[in-house]
Amino acid sequence: MIRYNAMTADPALIDPFGRHVTYLRVSVTDRCDFRCVYCMAEDMTFLPKKDLLSLEELDRVCSAFITRGVRKIRLTGGEPLVRKGIMTLIESLGRHLKTGALEELTLTTNGSQLAKYAGELAAHGVRRINISVDTLDEAKFHQITRWGELAKVREGIRAAQAAGLAIKINAVALKGVNDAEIPEMIRWAHGEGMDLTLIETMPLGDIDGDRTDQYLPLSVLRASLMDRFTLEDIAYKTGGPARYARVRETGGRLGFITPMSHNFCESCNRVRLTCTGTLYMCLGQEDAADLRAPLRASEADGLLHAAIDEAISRKPKGHDFVIDRRHNKPAVARHMSVTGG
Ligand code: SAM
Ligand code: SF4
């Protein structure tokens, strides 16, 4: 393993399987203004505010990763846009876009706050965002998100379009809930010039319901979509795990994220930082490294870099998610809102 040495050029982050870590996802808060049924229980206990990294500390950790070759940062959560002062962090990370050290700063959002923030995001250098929308039916949207309002999200989407942001819609495929609606969602998203990516539910954290009832393998959904659409596989990549097809009838892109039915770990280039400074080397494993203690122990970044190196040397080969009746327990106890999507 390469050790960090402040006297030499900062070495790249390469894990034991030869994968370059170039993508950092940062969950800036575990809080959210929605309570999506597959993501959270209705009655969630959130982290005490005192445990959170400050915005300055988040900037410091992100900047350390950038000096080590991270080219893409995605802010997520919880809902990133409900973190107080989040625009300060986005603005300050924007400086790395200006120097070219960072290729892309982006975020995944539920869209509820976008009407307010889309213009500022674009002004700080954000070019693309992911917005999660699982249904176009107002009542169903309320059922899935428990607290969300589709009209507000649609207003946010319009604001993002007006600000010139490229949009990818993320939809979690839920058996018996939105599967019949996916063709309509494809036409809607593509008609609006947006990509659409479908996601399989992953067994993360206790929720109120039974995941086996929700889980829909995308291979099954894809086969049924082929009755109506012509899907042509394309090489398009965004740095994330989605595999894309072009829908001939609409001309738009349709992505598939299949952590359950197709393990995509071999090309994993990502690590995930939580809002408390814990680094998860894999979304589907419990192993983690604390970056908050080394960050706070010294004003210089040497200890932080050493902790990052040590963490990357432990990045596992992959996850082993299973959802079936015998394994009806979360694969990992933490919720998706802790490590972010
Ligand atoms: N609040 C933001 C949002 O909803 O876009 C960002 C965080 S959310 C955890 C990121 C993505 O993870 C969303 O697209 C959401 O639908 C997805 N997600 C949440 N829980 C999931 C689960 N158990 N399995 C698969 N995807 C999940
Ligand atoms: Fe909130 Fe996103 Fe989780 Fe829904 S999926 S509860 S919007 S963090």
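A residue counts as buried when its relative accessible area is under 20%, and as exposed when that area is over 50%, with partly exposed in between. With a relative accessible area of 2%, Tyr244 is therefore buried. Tyr236 has 26%, so this residue is partly exposed. Please keep in mind that the model is predicted.

**Aromatic pairs**

How many aromatic pairs does the structure hold? There are two, listed here with their geometry.

| Pair | Centre to centre | Angle between planes |
|---|---|---|
| Phe34 and Phe141 | 6.0 Å | 90° |
| Tyr236 and Tyr244 | 4.9 Å | 75° |

Phe34 sits in the loop between β1 and α1 while Phe141 belongs to helix α4, so their pair ties together parts that are 107 residues apart in sequence. Both Phe34 and Phe141 are buried. Tyr236 has a further neighbour: Arg253 lies over the face of its ring, 3.7 Å from the ring centre.

**Around the ligands**

Ligand 1 has 19 residues around it, and Tyr38, Gly78, Ser132, Val172 and Met202 come nearest. By class, this shell has six nonpolar, ten polar and three charged residues. An oxygen atom of ligand 1 is 3.0 Å from an N or O atom in the Tyr38 side chain, and a nitrogen atom of the ligand is 3.2 Å from one in the Glu79 side chain. The protein buries 96% of the 540 Å² that ligand 1 exposes when taken alone.

Around ligand 2 we find Phe34 again, together with residues including Cys32, Arg35 and Asn110. This shell has five nonpolar, two polar and one charged residues.

Definitions and conventions: Residues are numbered from 1 along each chain as its sequence is written. Chains are lettered from A and ligands numbered from 1 in the order in which they are written. This is a predicted model: local features need pLDDT of at least 70, side-chain atom pairs count only at pLDDT 80 or more; totals for chains, interfaces and linings use all residues. Side-chain values use heavy atoms; hydrogens and water are left out. A residue is near a molecule or strand if one of its heavy atoms lies within 4 Å of it. A polar contact is a pair of N or O atoms within 3.5 Å; within protein, one must be able to donate a hydrogen and the other to accept it, and residues adjacent in sequence count only if both atoms are side-chain atoms. Accessible areas come from the Shrake-Rupley method with a 1.4 Å probe; for residues, only the protein chains shown count as cover. Ala, Val, Leu, Ile, Met, Phe, Trp, Tyr, Cys and Pro count as nonpolar, Asp, Glu, Lys and Arg as charged, and the others, Gly among them, as polar. Rings of Phe, Tyr and Trp (its six-membered ring) pair if their centres lie within 6.5 Å; planes under 30 degrees apart count as stacked, over 60 as edge-to-face and the rest as tilted. Helices (H or I, at least four residues) and strands (E, at least two) are DSSP runs, numbered from the N terminus. Buried means under 20% relative accessible area, exposed over 50%, partly exposed in between (1.4 Å probe, protein chains only). A charge sits over a ring if NZ of Lys or CZ of Arg is within 6 Å of the ring centre and within 35 degrees of the ring normal.
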